[in-house]
Amino acid sequence: MPVFDVIFRDALIYDGTGAPPRRDSLAITGERIAAVGSVFPNEAREVVEAGHLALSPGFIDAHTHDDRIVLDAPEMLPKISQGVTTVITGNCGISLAPAVFDDDPPPPMNLLGGAEAYAFPDFATYAAALRSAAPAVNVAALIGHSALRLATMTDIRRKANEGEINRMQSMAAEAMASGAAGFSTGLFYPTNAAADRAEVAAIARCFAAAGGVYATHMRDEFAGVLDSIEESVATSADAGIRLVISHHKCAGLANWGRTTETLPRLEDAARRQPVNLDVYPYAAGSTNLRQDLVTPDYPIRISWSKSHPEMTGRMLDDIAAEWSCSLHEAAARLDPAGAIYFQMHEDDVRRVMCSPIAMIGSDGLPHDAHPHPRLWGTFPRVLGHYARDLALFSMEEAIHKMTGLPAHVFGLKGRGSLAPGNYADLVLFDPGAVIDRATYDSPRLMAEGVSRVYVNGALTFREGGGVARRAGRLTGGNNI
Ligand SMILES: [Zn+2]
């Protein structure tokens, strides 16, 4: 009988800790890593000669809106093809549970779909659907504050009263007991904006008590970004919860360059309490098309439109010219819609990625008709473009930001590093060739250079061969 299921022989091993690579072999048995080292018996069902390929822990997408696609398209091709083996869902206050709707959900909840998508009155129901869908990737699920508010409040334009907070706290406790990983807010969004610090802290405290983390799309990423950082740090300290600043950026021309102010603040706070951030490797953001984000200052591309689907993928200024109207009038006619905003400076994006507290998160929007290329390209772009080609940081640092660091921050037990006993979430890739191909014009091009991806020991993706098996499960929080 073979001792191991698979041996990867003489691979360039990046173990996820940030340590320099070394040439070693790694063996897996069942769903776990059985051995890592230079000498062990070559008895296995399969021996993979790694040659020039690198082996690392599966990538953890620290920021996603994959709540629904893990159910509807469980092959998860946009992510697994990048080497992603775990996604953190439920970000920006938006989660599929525990809200249900009779009519079209309000923005930003409509980024996940229409009323038919929201079929989960509690997290246990969502977790059961996830188990039966059996996605290709593991899922660590955050519960969105907007979902909680819409599930408990009749008027979300005000802050929650005591009774409503009590009901949100019960929902938080149910979610954590049923396998959720924490809490998120999107204080920038109308469904969440009326919540004050006391409301956020009261609910976050409940998640903290059950071992959850707190991620926030802050109230303001423009002129008020420093105040918003202060608010996020104070609220999480008050609640005693680990903080993640979502997709950190300084948006809008007037704020370009200000990451030289925000990053020292965040890194200073991180010396006193647990603070991290996530970042995607692009200078454009994407969300609903909003009047307050429409400006001639930066280009805007339409990612979807319900009223004018034929305008999908086109630039807003072209559409306005064709319609002989203002940008704001064109935006009003396209509504409800989504957009890609070229609102950041590349120097800021690079500075944020370099921060030692930064994790990589795609923030991809899988249901958009013409999505931001981050959905298909984030991880190979960080490895190939930023680490290898631009030498912004070393390959081992890049990999740590997408493996060991997020596994620690989100409490993903047994994941994020290559050590015996850990889950065999693995990526075999070509460090000389790995690169994103998705662009703003062609956003669905699959990345190159990701050879094989294993999830919980199962060979899930092969380059050129698609998705073979699906072995993902709930992780984070109280999941083992
Ligand atoms: Zn967000």
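Okay, a definition to start: helices are DSSP runs of H or I with at least four residues, numbered from the N terminus. One of them, helix α11, covers residues 346-354 and holds Asp348.

Before we go on, this is a predicted model, where local features need pLDDT of at least 70, side-chain atom pairs count only at pLDDT 80 or more, and totals for chains, interfaces and linings use all residues. Residues are numbered from 1 along each chain as its sequence is written, and side-chain values use heavy atoms, with hydrogens and water left out.

Back to Asp348. Is Asp348 buried or exposed? Asp348 is buried, at 3% relative accessible area; buried means under 20%, exposed over 50%, and partly exposed in between, using a 1.4 Å probe and protein chains only. Skipping neighbours within four places in sequence, Asp348 is in contact (heavy atoms within 4.5 Å) with residues including Cys250, Trp256 and Thr259.

Now, salt bridges. That's a side-chain nitrogen of Lys or Arg within 4 Å of a carboxyl oxygen of Asp or Glu. How many does a search of the whole structure find? It finds 34. Take Arg381 and Asp436, whose side chains meet at 3.5 Å, N to O. Arg381 sits in helix α12 and Asp436 in the loop between β17 and β18, so this pair ties together parts 55 residues apart in sequence. Arg381 counts as buried at 18%, and so does Asp436 at 13%.

Another pair is Asp425 with Arg415, at 2.8 Å, N to O. Asp425 is buried at 5%, and Arg415 counts as buried at 8%.

Terms used
Helix = DSSP H or I, 4+ residues; strand = E, 2+ residues; numbered from the N terminus.
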